[in-house]
Amino acid sequence: MSYATQMAMVLPELVLAVSAILLMLIAAWGGQAATRAVSFVAVLALIGAGIALFGPASAGGTAFDGLYHADAFAAFAKALIFGAAAVAILVAPKFFEQTSGDDLRPEYPVLILLSAAGMGMMVSAGDLITLYVGLELMSLASYVLASFMRHDMRSAEAGLKYFVLGALASGILLYGISLVYGFSGTTMFGAIADAYAGERSIGLLFGLVFVFAGLAFKISAVPFHMWTPDVYEGAPTPVTAFFASAPKVAAMALTVRVAIEAMGPAIADWRQIVVFASLASIIFGAVAAIGQSNIKRLLAYSSINNVGFALIGLAAGTEAGVASVLFYMTVYIVMTIGSFLVVLQMRGPDGQPIETIASLAGMSRTRPGLAAALAIFMFSLAGIPPLLGFFAKLEVFIAAVDAGLFALAVAGIVGSVIGAYYYLKVIKTMYFDDAAPAFTGKTSPVEGVLLTIAALVISPLGWFLLVPLGSWTSTAAASLF
């Protein structure tokens, strides 16, 4: 394969990396005055990277002697990642302007681009080294983003906690990688699969456990979820929306690729880990969210809960199971971004963010459109028909039943009922409690358009997307098998 063809396969990451470097130079020379221009060009770079997916980047096969996989699975995940990253850039200027006056600097969109480039490498990894390099590129940018509001103690605390616990998780993952390499003699996914297909040593099994433990931190699955509520609450809201969407999709896609491509023959071993993490995340995410008074912390536990449902599809270990994971993450990312777009509108008379659930009281009368949008997202996250969230959960349950995991599907359904309580509690607060002071400020045109699109996609109008989305996820899943 020619070098030019291989470079065409990694074109999305090249677009992001080159754009980030050039924009970093512009930021250095232009200073804070260049923020809006840098943000605009960064969004264009993400759009360009998305366009670059229509070519060898989505169907080119393997590049660089198997280190990089350019297939439909990676392309699908990257499309979600780039879209979520663009939203995080678009909604940031107004938030920082109203919250801190001058805290948004041109480094913000550059960090988003670098993080997106790392996520692109992650989901296309065909080797443990490529996996780790992409993961660290994403993580290092994320640590800075979490603490981006320099004058906010909560933001600094969020960045420090994320860094310390992220370093611990990276160490666990790296130890697992070293064990897998030591007992298989290779870091290539295909060769690792051959090692697991043969007589497995205890070292390979320990390596599998540590690798999945490290990946569980990145998707914030129980018991490696401890960083999520604090980081989500303390980080700036646009950054929290980013953390809850793009990195979540990237980490889940990476976990799926490692499980299927590298450790597929050991499905009986890693399925036990995935089933435990799934059930623990569903139950803990549902129960722990009940007593929350902060909307961002509630959405953090909702994120943990939803990861558990996505893992049900992975536990199936089948092509239909992988397709259901992609379907679920697509719907989840729209619901989550939509919810955070509503949170961005929660501001007091001084323009500062309000994050208490109690402040939503009576919002159906003071801001009926905003209340209706949040109600759609909450009902959908709860999995109530006829919204798209119901079909997402239905997909993973069907995949589990078809794979013979009937008990897991039943447990997931029970967990979904428990989780519905705190979603419905938010709706009850908006529509039935005595009205709290109305939020001040108007929704910006950009946020209004994004919020409307998200609500329409999740509403019954989203049924028109079910067939094409099912086809796309099936095609993406088939590329792993």
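Analyst: First, a term: a cavity is a set of points on a 1 Å grid over the protein atoms alone where a 1.4 Å probe fits but cannot get out. A volume is the space filled by probe spheres set on the points, which are joined across faces, edges and corners. This is a predicted model, where local features need pLDDT of at least 70 and side-chain atom pairs count only at pLDDT 80 or more, while totals for chains, interfaces and linings use all residues. Residues are numbered from 1 along each chain as its sequence is written, and side-chain values use heavy atoms, leaving out hydrogens and water.

User: What volume does the largest cavity have?
Analyst: About 50 Å³. The whole structure has 4 cavities of 30 Å³ or more.

User: Which residues line the largest cavity?
Analyst: Met 138, Tyr 162, Lys 218, Trp 227, Phe 243, Pro 247 and Lys 248 do; lining residues have an atom within 4 Å of a point.

User: OK, pockets now. How much space lies in the largest pocket?
Analyst: About 740 Å³. A pocket is an open set of points with protein on both sides within 12 Å along at least five of seven lines.

User: And how many residues line the largest pocket?
Analyst: There are 26, and Ala 79, Leu 80, Phe 82, Gly 83 and Ala 84 lie nearest its centre.

User: Which helix gives the most to that lining?
Analyst: That's α5, with 9 residues. Helices here are DSSP runs (H or I, at least four residues), numbered from the N terminus.

Note on methods
Helices (H or I, at least four residues) and strands (E, at least two) are DSSP runs, numbered from the N terminus.
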